[in-house]
Every structure is written in C-alpha cells, then in structure tokens.
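Student: Could you take me through one part of this structure up close? I'd like to start with a single residue and see what surrounds it.

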Amino acid sequence: MKKLVKRVVPAALALSLTAAPVMAYADDFIPGPGQRYDDATLKTLKDNVLEYDEIEMLVDEYNATLKNLRETYSDTRDNYKDVVKLKSQIHSSAGAISEAAGEMSSMASMFKDSLGYQSMLTPGAYAEMLYASEMMNVQSEQVLLQADTVTVVTPEMLKLRMIDGTRAMLISGAQSAVIGYEQLLLGKETLTDTIELLKEVYKSTEAQASLGMATGTAVLTARQNLESAEASMIELDAKEVQVRSTLCKMLGWEYNASPEIRKAPGADLSRIDRMNPENDKQTAIANNFTLRYNQLNLEELTDGSVDRENMERTIREQTAEISASLVNLYNDVIQKRNEYQTAIAAFELEKTKMEAAERKLSVGSIGRLEYLQQENAYKTKEIAVRTAELNLFQAMETYDWALKGNLSLS
C-alpha cells in the first residue's frame, strides 16, 4: 500500500487563471472552481511517489511560488485601476519569481559541484537549471520595472510574465532536476563499482609489496586512490540529499520527506522523426512567452512613436531568433542521438569482452583482479548508455518546450 504523506495544498483558485494541462479525465468529470483534476488523479498525486509524468500536475497543485503568483494575479486583475495597490502586488509577484529563481540556482550549484564524477554526471542538467534560474531572475527584474510603468502593462501581459512563463520554467526546471537526479544516482552506481575495484587493487598492491614486488609508493598511491573515491561518494551522498530536498519543496512535499523518485522515461526515438525546425517554427513563434508579451506591449504603444518602432524591431529580431534557436536545438537532439547510438555500440563491444572474461575466469586463465577490472569497464559502459539516453531525452524535452513557448530570447 502506498503511504500517503502530508502535502502543502494551495488555496483553491479560479480555473480561468491558467489553462489546465491536458488530462485524461473521466467522461463524467466536470471540474469545479479551482479543481483541475478528478479525484482519482488527485489521489495519485498525494502518494509518496514522484513520477516524471506527474511533475506538471504537482507544480500546478502544490508549488508555493506558483500559488502566490496566481493569487497576486487574481488580485491584480480585480484591482487593476488601483495603481498604488497594483504596484505593491507587482512587487510581491517579483519576490515570488525571485524565490523560484533562488531554488533553481541552488539546484544548479549542486549539479555544477558534481560534474565530472566518474564522467557520469553530465553538464546537461546543470545547464538547464542555470538557464531556468537566470531566466527567472530576468523575469523578476522585468516585473519590478513594470511597477514603475503600470500604465502600459495590461492584466494579460502580467499573466504571461507572472504565471505562464514562470509555470513553464518551474515545470521544465523540475523535469531537468529529476533527470539530473537520476544521472547523479548513476554516477554513484559507477563510483560504487569503482570503489570495490580500488579496494581489490589496494589489497593486491599490499600483497605484492609484502613479497617485494611493489614499492611503498605504489601502496600509498593505491590507498590514496581508494580514499579519494570514498570521499567523492560522501560528496555525492550529500548532493543527493540536497537535490531531493529541493525537489520536495518544489513539488509539495516537506523538505525532509523521502518520496520514491521514479526514473525518467526512456528516449522515444520516434519523437525525433516528428521534429522539423522549418515546420515547427511557426508553433514556437506563436507560443513564445517573451514574443507574445512584446506583441501585447506593442498594442499599447502609440503609432509612429519611437517606442513602437523599437518594439517592432525587437519583435522582428526575436522572431528570427526563435527560428535559428529551433534549428540549434534540433541539431543538439541529433548530436545526442548519435552519442546515444555510439554508447550502445561501445557497450556491445564491452559486453563481448565481459563474456570472454567470464569464460577465462571459469578456466582459471585470468585472476580475480583482472576479472573485476573488466567487470568495472562493462558496468561503466552499461551505465553510459543510460546516461546518453537521459541526455537525449533532455534534449528532446528542451526542443518540445521551445515549441510550447519556453525559449529564452536576447
């Protein structure tokens, strides 16, 4: 039986504040005010399991930053003509966005500190976290600036800036964190195997030294290598706790909760066949949060004014930038697919070597240490396949988020 845990549930909000994600509702489900999901769906969200495909719903239901922004927007929309109150509420929303940026920045730092452990933890998750935190910081600053120019900010513009854009960044950021968390665990798995190997190397070197076949320096080096790997494991253990804690806070658990964090889905290569930057660019342009905001801003500017001319130029440049960025994101997907296929080929080769080592061990033609070295190489290549798959999955998710509007523009 799944253990139910205490979740931080936000106050009910009007459904109209944001478009509800597409869900497979029961045929007879009619959402009430503030209710986005049917009872069966809500029950799954309250279990003690974090699944990748639930992240969007968890952010909608439990993220405190998004809750505060929605409430602020609701008050702002209802009191839009009260300039003093509006400015105060805009400042409040900027603080909420800044808080979310801090969460992302903290998580990015955790990943940055862990890059390179056994070459398993790759820069992808760190880059996604850093991107999200920087974009939210920019968002926060822009919202603050709007407090001084409220005469040209409509409720629709505020919704795009305060809710829609932040929501997308929170969801994509949490998704990247789950991917990075799995990469971190893969790094720990590889490091565990390496530590076992280094223990055998140390024991073997000590034995050789006792027979005069190895120097004291060799023994010291073997011990230092083992101690260094063990120290790295302690650091990764700490990072695992930190990332888990941040994910818990973002998705509604208490910071010290221990939900089961399920693995990210496998990379569906058929998704790549459906990607076409030339065909997809119109979708990316139509949905981009920054471009949509600037187009709404354009409607508030006086015809023939310098501000309007500048905004028209900005929109043209951003439209071209979206098209170029989509090509770059697609090329990254193709590169990651190639790296994934290369990792599979390398694993298959190592698998052949492993089978040969098992035969040799069975007839006594190799020793235990040589066998463990081959086993470590085999497991490393096996984990490298999953790591490459996660990198490919992240690249595909980033491309799809660009189509949904979550793409940074200069």
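Tutor: Setting aside residues up to four places away in sequence, Leu-50 touches Ile-55, Leu-58, Val-178, Leu-247, Leu-251, Trp-253, Glu-260, Ile-261 and Arg-262, where contact means heavy atoms within 4.5 Å. A quick note: this is a predicted model, with local features needing pLDDT of at least 70 and side-chain atom pairs counting only at pLDDT 80 or more, while totals for chains, interfaces and linings use all residues. Residues are numbered from 1 along each chain as its sequence is written, and side-chain values use heavy atoms, leaving out hydrogens and water.

Leu-50 also sits in the largest nonpolar core, which has 74 residues. Such a core is a set of buried Ala, Val, Leu, Ile, Met, Phe, Trp, Tyr and Cys residues joined through side-chain atoms within 4.5 Å; buried means under 20% relative accessible area, using a 1.4 Å probe and protein chains only. Along with Leu-50, the residues with the most contacts inside this core are Ile-55, Leu-247, Leu-251 and Val-333. There's a second, separate core of 11 residues, and Leu-184, Tyr-202, Leu-226 and Leu-236 are among them.

Glu-182 counts as buried because its relative accessibility is 6%. Not counting residues up to four places away in sequence, Glu-182 touches Lys-263, Ala-264, Arg-386 and Leu-390.

Technical notes: Buried < 20%, exposed > 50% of the residue type's maximum accessible area, 1.4 Å probe, protein only.
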